[in-house]
Each structure stands twice: as C-alpha cells, then as structure tokens.
Amino acid sequence: MSDFLLELRSEEIPARMQAGARAELDKLFRREMDAAGVTTGEITVWSTPRRLALIARDLPEATEAVSEELKGPPVGAPDQAIDGFCRKAGVDKGSLETRDVKGRATYFAVKNVPGRATKDLLAEAVPAIIRDFSWPKSMRWGAASISTESLRWVRPLSGIVALLGDEVVECEVHGVTSGSVTLGHRFHHSGDITIGNADDYAVKLRAGHVIVDHEERQDLIRSGAAKVASEAGLKLVEDEGLVIENAGLTEWPVPLLGRFEEDFLEVPPETIQLTARVNQKYFVCEDDKGELANAFICTANIEAEDGGARVVDGNRKVLAARLSDARFFWDVDRKRTLAQHAKGLERITFHERLGTVADKVDRVAKLADWLVFDAKAPNGDHKLARQAAELSKADLVTEMVGEFPELQGLMGGYYAKAEGLPVEVSEAIRDHYKPVGANDEVPTAPTTVAVSLADKLDNLLSFFKIDILPTGSKDPFALRRAGLGYLRLVQANNLKLSLDTVIHAWDGRPNTDLAEKLADFLLDRLAVQLRDEGVRHDYIQASRSWQGRPDMRVDRVEARARALTDFLGTEDGANLLAGYKRAANILKKEDWQGAEGEIARTGEEDPLALVDDPDMRAVVEAKMAERHAKELSYDFEPAEKALMDALGKAEPAAAKAIESEDFSGAMAALASLRAPIDRFFDEVTVNADEENKRAHRLDLLADFRAAVHKVADFSRIEG
C-alpha cells in the first residue's frame with residue numbers, strides 16, 4: 001500500500017472558489033479511481049491561494065487481474081446475432097466458449113483483464129482530472145490559448161506534484177510536467193522545495209512559510225484576531241465569512257490591529273463595518289460598552305520584522321480613504337430630506353409592466369394605511385404607517401446606498417432619525433425588509449409590521465397579477481422569500497388576514513382568481529416551512545378548505561394542520577383515520593354520496609333551505625320523506641344506534657368548535673366517534689340484503705364522512 005500526493009499549483013485562486021475547487025478535486029479523483037477499479041483509503045484535500053492538494057491513503061500497488069464472462073446467443077443462432085455479440089464483447093468469434101444452459105449449448109465470451117500498476121493508472125488520471133475540472137470562471141493563457149482546444153484553468157497552471165509513495169507519477173498537461181518540486185511562500189521562501197512523499201508534504205511547506213491546511217489557517221486567524229483585539233482592551237466582532245475569506249487570501253496569516261481616526265465614528269457603525277469588510281476584508285472591534293471602536297484588524301500574508309507596523313500603516317491609509325468617502329456620502333445625503341429623496345423614485349423603473357418605484361411606494365402606503373386603519377392587523381397609528389411606507393424606499397436614491405446597496409432600509413432609518421422623524425417611522429423604514437431569511441429577526445412593532453407586510457404583499461400581488469410566478473429554481477423577483485416573510489410576520493404577530501379582503505383593498509375591487517392563486521402559493525410555502533416541525537404536507541392539504549372554498553387565511557390553515565398533527569399522533573386519531581378510510585372506500589365502491597351529494601347538487605348544506613323554491617320544494621320534501629321512512633322501517637342494531645347517537649352529539653360539538661376556530665376542540669369531538677365507528681364495523685353488516693337497511697347504513701357512513709370533513713378533509717391524508 002502507498003499514499004498518493006497530488007498538488008496542482010497555479011497563480012492566485014480566488015478565495016470564493018476554493019471550497020468548490022476542493023470538492024471538485026475530491027469528486028474527480030474518486031471518479032477516476034472508481035473507473036479504474038482502485039480502492040482508496042482516506043482522502044484529504046487542502047487549498048491555499050496558490051495550490052490545491054490531495055492526499056489519498058492506502059492505494060494498492062496494482063489492480064487485481066479479473067476474468068469477465070458474458071453470456072451470448074445459443075449455438076446455431078444467426079450469424080448476425082453472433083457477430084453483434086462479438087463486437088459488443090470485444091472478442092473474436094473463434095475465442096468464444098460454449099456452455100450448457102438449461103440443456104442448450106450457448107456461447108460465452110471470456111475476457112481476462114490483467115492487473116495494471118496503480119502508478120500507470122494515476123498517470124492517466126491526473127491529466128483527465130485537470131482537463132475535466134470545472135471552475136465558475138476560467139481562462140486560457142500563453143500561445144496555445146489561440147486555440148479553443150487549449151486547457152482552461154482558473155489561473156495559469158504552473159506546476160504539478162504527483163507522488164505515489166516516493167516515486168514520481170510521470171504525466172504532462174498543457175506543457176506542464178509532473179515532478180516532486182514545489183514552491184514555498186512567495187516572499188518568505190525563494191528556493192524550490194523537494195517533496196519526498198505525502199507524509200512530509202505539509203511539514204516541508206510549513207518550513208517554507210506555507211500552511212497548506214485551510215482549516216488550520218482559519219483557526220489561526222480566528223484566535224489571532226481575538227487575541228490582538230483583547231490585548232488592546234477590545235472585543236472582536238466575529239465574522240466567520242471573513243475568517244474563511246482571509247484564509248483563502250493568505251498562506252501564512254498574521255492578524256494585525258490598527259487604528260483609524262475617531263472622527264469617522266460619526267458615520268453609522270454599519271457603514272464603517274461594511275466598508276472595512278467588503279472593500280478591505282478587515283475585522284472590526286467593539287469597546288467595553290459594546291459600541292464600535294476606532295480599530296480594525298487586517299490579516300497580513302507575511303511576518304514582518306517590524307511587527308507589522310508598516311503593513312498596518314499602509315492598511316490604515318487605505319481604510320481612511322474609504323471611510324472618507326463614506327463620511328462624504330453621509331454628509332451629502334443629509335442635506336436633503338427623505339421626502340425630497342423620494343421624488344427621485346419616479347425615475348427608477350420597478351418593472352416595465354408595473355411602473356416606477358414611486359408607483360410601488362404609493363401602493364404600499366395605501367395598503368399599509370388600510371392594514372392598520374381597517375384590518376387592525378396590526379393595531380397602531382395608520383398615519384405613521386402611511387408616512388413610513390411613503391419614505392421606505394427613499395434611501396435607494398442616496399449616495400450611500402448607491403455605494404453600498406446592502407444598506408438599503410438601514411440608511412433610510414438613520415436618515416429619518418437624523419431628520420427628527422418619529423421613532424416609529426425611522427424604525428419601520430429601517431426594518432421593513434425584514435424578515436429577509438429563515439433565521440432573520442421578525443418585526444413586532446405595529447408600524448414596522450404594517451409596512452413590511454404591505455411591501456411583501458405588493459411584491460407578491462403585483463407579479464402574480466401579471467402572471468410572473470417562480471418556476472423551478474428560478475425566482476428573479478424573490479417571491480418565495482416574500483412569501484416566507486409574509487408567513488413569518490403573520491405567525492409572529494398572530495395576525496388573522498384574509499387574502500381576499502387584502503386584495504380588495506390593494507386592487508380596489510374583488511379578485512377571486514388572484515386571491516386563490518396567492519393562497520395556493522403561500523400554503524405551499526407554509527407546507528415547506530412547517531415540514532421540519534413535523535407537520536406533514538398532507539395535513540396542510542387536508543386543512544386548505546373553509547366552508548367549501550379555499551381558505552384565504554394562512555393562520556387558520558396552520559392552526560388546523562397543527563391540531564390535526566396532534567390529533568392523528570394519538571391512538572384515537574390514528575384509529576379514527578383508519579375508520580374514515582374504510583368508510584370512504586365503501587362509499588366510493590358503492591358510488592354513494594349521501595347528504596354530501598345533495599349539498600353538492602343543490603349548493604346548500606341544509607337541503608330544506610330550498611323548500612320555498614317552487615321548482616325544488618316537491619323534490620326535497622319527497623327525498624326527506626323517503627329518508628325518514630327508511631330510518632323507521634326496521635329496528636337498528638345496537639352498534640348502529642350507538643354510531644347514530646355519537647354522530648348526533650359529535651357533529652354539533654365539532655361544528656361549534658370549528659365556528660369559534662377551536663380546532664383542538666373540534667378534534668376532541670371527533671375523537672368521541674372512534675369507539676362507535678370501530679364497533680359499527682365489527683358488528684354491523686353494511687351491505688345488508690334488505691335495501692332499506694343497506695341504504696340507511698350507507699347514509700350513516702356518509703354522515704360520518706361529512707362530519708369528519710367539516711373538521712378536515714381526511715381524504716387528502718396519505719397513508
């Protein structure tokens with residue numbers, strides 16, 4: 001057994017591409033080894049800005065010889081069939097062997113595949129890995145780049161180290177030949193480094209000031225940055241993404257702390273942190289009060305003799321220039337009010353079919369006002385909600401947000417506060433985009449909730465109205481995110497919003513099709529959201545109807561689905577579901593609709609409601625008389641009577657609970673039917689020979705099914 005080392009050295013690999021490159025190298029190497037029949041041990045993949053490295057443990061010296069047998073046509077088959085089999089198997093007709101298969105002579109092709117040296121297999125695998133490597137962006141270089149057939153790589157490939165044990169695996173790619181020589185740190189080590197085998201690779205590179213393990217570099221940055229901050233009496237603002245990025249930019253990371261002028265702290269702290277992070281890849285620090293300090297931590301790629309003073313000074317000057325720009329934007333933007341900035345929204349197109357951003361703001365303001373004043377969802381001051389909505393997008397035309405789009409909303413809140421607007425307004429402007437993701441904070445302040453809801457609803461309704469919906473993985477207008485945000489706002493604030501009334505207020509008229517389309521979308525999102533909480537999607541499906549129509553309140557659907565989850569998790573619930581399915585199957589087999597059939601045909605839950613209709617009165621009275629006669633025409637069996645009595649008590653109790661939206665109470669009422677329905681199936685013959693008995697018992701099962709359906713549509717529950 002031998003260990004294999006592969007290093008692919010190039011010019012600087014972008015930090016954001018290194019994790020994907022490690023996964024790609026691992027995948028392609030395993031692909032090549034699997035295809036060659038080579039079993040590997042542990043595989044480790046590392047990356048630095050200038051190299052990708054893979055170490056595969058315990059590779060065999062050679063593959064084992066194998067013998068393969070392929071069954072062919074019987075002896076005497078047409079020549080065309082035999083010749084085709086030979087071509088497929090890659091053998092001559094004269095080498096075929098015959099075997100007896102079920103008393104009939106049959107041709108077999110026997111192929112003896114000799115073992116191959118693993119070193120030879122690797123020599124073929126390495127070029128294949130390099131040629132097939134997938135990068136988000138790649139380039140060609142040199143004289144060969146004039147041809148589209150030349151190698152594409154993230155940056156010019158400059159070296160290959162390929163060692164099996166202590167032997168070089170000889171191969172060549174794009175003029176670069178493999179060997180055992182690599183390079184150390186660009187500044188700290190000038191000579192070549194000769195690698196003996198996989199075990200001394202990391203050791204020799206460390207001696208050359210290269211830490212090849214990316215996770216070790218991350219740990220050094222994490223602990224080193226915290227240490228230099230602590231030594232200065234400060235606390236590091238942790239940023240794991242920045243740790244990973246700096247590890248991808250350095251081979252010998254050295255965290256260094258510097259200071260910038262305190263005057264810059266007049267700028268909102270998020271602006272300073274974003275400037276330092278995005279433009280310079282610096283960490284920031286907080287003082288003992290939890291406020292942003294005038295300090296930054298950069299990650300040098302060298303160990304300077306002066307302790308890094310010159311490095312820090314150079315980085316301080318660059319950061320000062322960036323912060324000067326931010327302070328300039330801050331000062332310039334505050335010379336105009338948000339209302340004045342908002343006029344610039346008339347020049348920004350929201351969507352070619354939906355008008356400008358100013359048009360969107362008008363719609364959002366109108367809806368936010370309605371949500372507070374009319375819908376009382378949430379309660380609050382509708383004038384503040386309208387004012388906040390009217391100014392919510394004004395910061396989009398400011399200099400600061402133009403430079404840092406990530407600060408939209410946040411800067412609007414700062415400008416509103418600086419302008420002296422009410423606190424509720426500034427906070428609503430600041431937070432109206434929330435929640436952005438699944439783990440983001442959900443607003444609860446009434447004004448903020450109203451503006452956030454209105455903004456998300458306008459996004460959804462505007463695009464749904466013009467039939468622009470998410471498809472597959474494509475969601476260019478982030479409608480799924482808007483839908484999830486709507487759901488979380490409703491959940492966190494216990495809102496009871498009916499989408500049909502929302503749409504009436506938003507559009508100025510009823511629009512049933514749009515309401516149902518949006519309800520379907522949101523309930524699909526709800527099913528995805530609740531899946532991790534153990535609420536099955538079919539429980540959502542079973543709860544989607546209300547009084548014969550799609551339910552327009554997602555809060556009510558969620559409450560029913562959660563109650564259904566709890567109920568069906570009990571023994572009574574599971575057994576009642578089994579009884580329901582048995583009853584439903586019998587009714588389906590008999591094509592028996594019962595009272596539900598009358599409701600479906602007449603549109604009325606109470607058929608007697610139509611007795612005043614001259615065309616229907618005689619029909620309804622005859623039907624009800626016929627049913628009453630059936631009930632009195634024979635003596636009911638005890639189990640049959642018990643189910644009738646149980647239904648007589650459970651159905652009104654469940655209906656009353658449903659009316660008050662006490663879904664747990666409705667499920668409890670259904671639970672009382674569990675024992676009677678079980679007993680009914682055990683003791684009563686549904687398909688009796690007597691027609692009146694059979695009809696009454698089928699009607700009884702139909703009544704049972706109808707009672708269950710008023711609580712939830714059990715027919716949609718799987719399993």
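Predicted model: local features only at pLDDT ≥ 70, side-chain atom pairs only at ≥ 80, totals over all residues.
Two strands count as paired here if DSSP finds at least two bridges between them.

Strand β7 covers residues 157-164 and is mostly tucked away, with 7 of its 8 residues buried. Its neighbours come in both senses. Strand β1 (residues 2-10) runs antiparallel to β7, and 7 bridges join the two; in this pairing F4 sits opposite L164 of β7. Strand β10 (residues 176-179), by contrast, pairs with β7 in the parallel sense, over 2 bridges. Here V161 has G179 of β10 as its bridge partner.

Then there is strand β8 (residues 167-168), which pairs with β7 in the antiparallel sense, again over 2 bridges. L163 stands opposite V168 in this case. β7 and β8 make up a hairpin with 2 residues between them, and G165 in the turn takes a positive phi of about 65°.

For β14, strand β16 (residues 292-300) lies alongside: the two run antiparallel and are joined by 6 bridges. Within that pairing, R259 faces A295 of β16 as its opposite residue.

Conventions: Residues numbered from 1 in each chain as written. Heavy atoms only, no water. Buried < 20%, exposed > 50% of the residue type's maximum accessible area, 1.4 Å probe, protein only. Helix = DSSP H or I, 4+ residues; strand = E, 2+ residues; numbered from the N terminus.
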